[in-house]
Amino acid sequence: MKQLITGAEALMRSLEAEGVDVLFGYPGGAIMPTYDALYDHRERLHHILVRHEQGAVHAAQGYARVSGRVGVAIATSGPGAMNTVTGIADAMIDSTPLVVICGQVDAAVMGTDAFQEVDVIGVAQPITKWAYQIRRPQDVAWAVSRAFYIARSGRPGPVVLDFAKNAQTGLVDYEPAHVDFIRSYRPVPVPSDDVIRQAADMINHSQRPLVLVGQGVELGEAQAELQQFLELADLPAACTLLGLSALPSAHRLNMGMLGMHGNLAPNVMTNQCDLLIAVGMRFDDRVTGNVQTYARQAKIIHFDIDPSEINKNISVDLAVVGNCKQTLARVTALLHEARHDEWISAFRPLWDKENERVIRPATQPAEGPLLMGEVVSRVSEATNHQAVLVTDVGQNQMFGCRYFRYSQPRSVVTSGGCGTMGFGLPAAIGATFGAPERTVCLFVGDGGLQMTLQEFGTIMEQHSPVKIILLNNNFLGNVRQWQQMFFHRRYSFTPMLNPDYERIASAYGIPSQTVTERSQLDEAIRRMLATPGPYLLQCGVKEEDNVMPMIPLGASVDEMMLEFKD
Amino acid sequence: METKFYTMLIYSENFAGILNQITAVFTRRQVNIESLNVCASSTPGVHKYTITCNCTEEMAKMLTKQIEKKIDVLQAHYFTDDEIFIMEACLIKLSTPVMMRNAEVSRIVRHHDAHMTEVNPTYCIVEKKGRTDDILSLFEELNSKGAVLQFVRSGRIAVTRSTTERLDQYLEEMEKMRK
């Protein structure tokens, strides 16, 4: 006999079939049948009630980034769905696998400007890998399976399922679906042996190679293949912001971070190498600086899974389009053992220079106010460089990423391409669910914290062990820095009048402490890490501190400024 | 960089909303679509889009790659005019009284090899197929005589000159991967 179930119940079974165990969401009118079905599945599908739909998506992103699994968020129609948009756009540009399920009005009233009706598919299409409206209960199993397949395969990305109310309440003879093939979609291209041989030849003949490591290495789980590749041919490497933990910071071939606020040596050497080998990165403008002067002297090989990234920003000599877990291993098999001692030692003086003029003053100051760099550096050390770094956006992010050190893969959760302020707090909550065994340290500024501050409520309810390090400089620091450097110090609306964060934390039952003195810092960090559950460590830091070094907008990678004097 | 007139031939699954996704790729990169035609293709369930635009070759490459990246798009390729057979059509509604007064009007119609498909005391309907230039010169000549009531020109349609069918090859190749 047929056993008919509702579309909402079919969604629950489909989510369970996909192995979902955590979802972040917020109920509302058009998604109520789904929440009703969820009530019976709440043991297996652990639902985290966030305090705003934006928080649900950022939390799902944090979960996905540390775990490598698909993050799931649920919201209602109209305003609920619109509040997820920022996180979806963020996940799209940072290639984060998400499935966002939004309620939608009944198909019978679609297009009539019904209550809480918004054209979600129209809004979502340009910022998703796939967006689909489920109008019939019969389509639920297929659409959910297809959504997860698309979200996690190839270059990952967000998928939106717009779930009409009648499809939630309607009955269906449920049969599980398993989509693992779409004829119009080739998630993992496979390059020919000839291309692999050409790549190996170019690397074998290179005297001054430099590898650029991007998040693609983490997404492809190719960290071990990368190390074998680098070590065999003795290739120095530098990481993008999102690729920072793809290679341990302490690895002898890790030359540091690329980009606008990256390290001096790898940026300068980009314009001196004879072969640039980009792996799973997309030549973002924050990495390349002026593209007209970027690595003009070098041959370029680009390893990427997404053919549309090839020659998009930078023209390359050879494209190796595929999953770098396989392509790196195939190329490594053809590499000769090599040494590039002289070339690698040429990075040293630049490192020494940056160390002396920027890093040491930022992380080991002898006097003056507390600095963001030293807080980050002390926290990283206190966690033995084992923690997950989550940042918000701005100076906290740049100092966080520069001075944290990484020993494990998937240890950086930051909003790269989109630069979404307010990302940090909810993403950190998600990270505690994605990596429950690890310490999660969030660095956030006084601006960004207030953008999603309501998620203190989620932390309270879930007792999420987020170690919140608030770098409070009473400014929107990054914009203030640009105003100082490029707008004649006209601090237009960047000074920030702040509330008493400790009292806010206390209202949510989050233990806290404020530090302004260097002498108290280590003890405060120790207490934060020793306290089970969440903790707010507010650091009153120097108000007008600048993230340096810096490639000014429009300058070349080798025109990095070490300091700024007005 | 030199811009050229390109024709893009795009094939997609017959799902709702794909045209939107395709045109958004052009809008985002500030390229104007000159003409657009959408219809079912010779392969069941597959839709064919013929889109023309003026852009650099780099842009044409980027556009087709970004379009092909859409999950339900099967293929997207760009062509110059010498690589394809092309055709457009137009309908022109002429004033019969003007035509009766000026013998030059029907001479123009005949000279351009256009067909008269409807004649009544108020208006005549002329249809013409060909390339853009032929159609525009017919229109402009008729218009200069003050005879045109309405004019409409279709988007370009095109098939490739190639002796191999890339879509069929692609579908065959993909079907082998079906588990």
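How far apart do the C-alpha centres of domain 1 of chain B and domain 2 of chain B lie? They lie 31 Å apart. To see this, select 3-79 for domain 1 and 85-153 for domain 2 of chain B; these bounds come from an automatic or database domain assignment.

Before moving on, a note on the model: it is predicted, with local features needing pLDDT of at least 70 and side-chain atom pairs pLDDT 80 or more, while totals for chains, interfaces and linings use all residues. Residues are numbered from 1 along each chain as its sequence is written, chains are lettered from A and ligands numbered from 1 in the order in which they are written, and side-chain values use heavy atoms, without hydrogens and water.

Now switch to chain A and display the open sheet of 6 strands, ordered β11-β10-β9-β12-β13-β14 with parallel pairing. Its edge strands are β11 (254-257) and β14 (318-321), each pairing on one side only. Strands here are DSSP runs of E, at least two residues, and helices are runs of H or I, at least four; two strands pair if DSSP finds at least two bridges between them.

Zoom in on β9 (209-213) and β12 (275-279) of chain A, which pair in the parallel sense over 5 bridges. There, V211(A) stands opposite I277(A).

Next, select N546(A), in the segment after β20 (535-540) of chain A. Is N546(A) buried or exposed? At 16% relative accessibility N546(A) counts as buried, a label for residues under 20% relative accessible area (1.4 Å probe, protein chains only), with exposed meaning over 50% and partly exposed in between. Show its contacts (heavy atoms within 4.5 Å): leaving aside neighbours within four places in sequence, they include Q395(A), F399(A) and F564(A).
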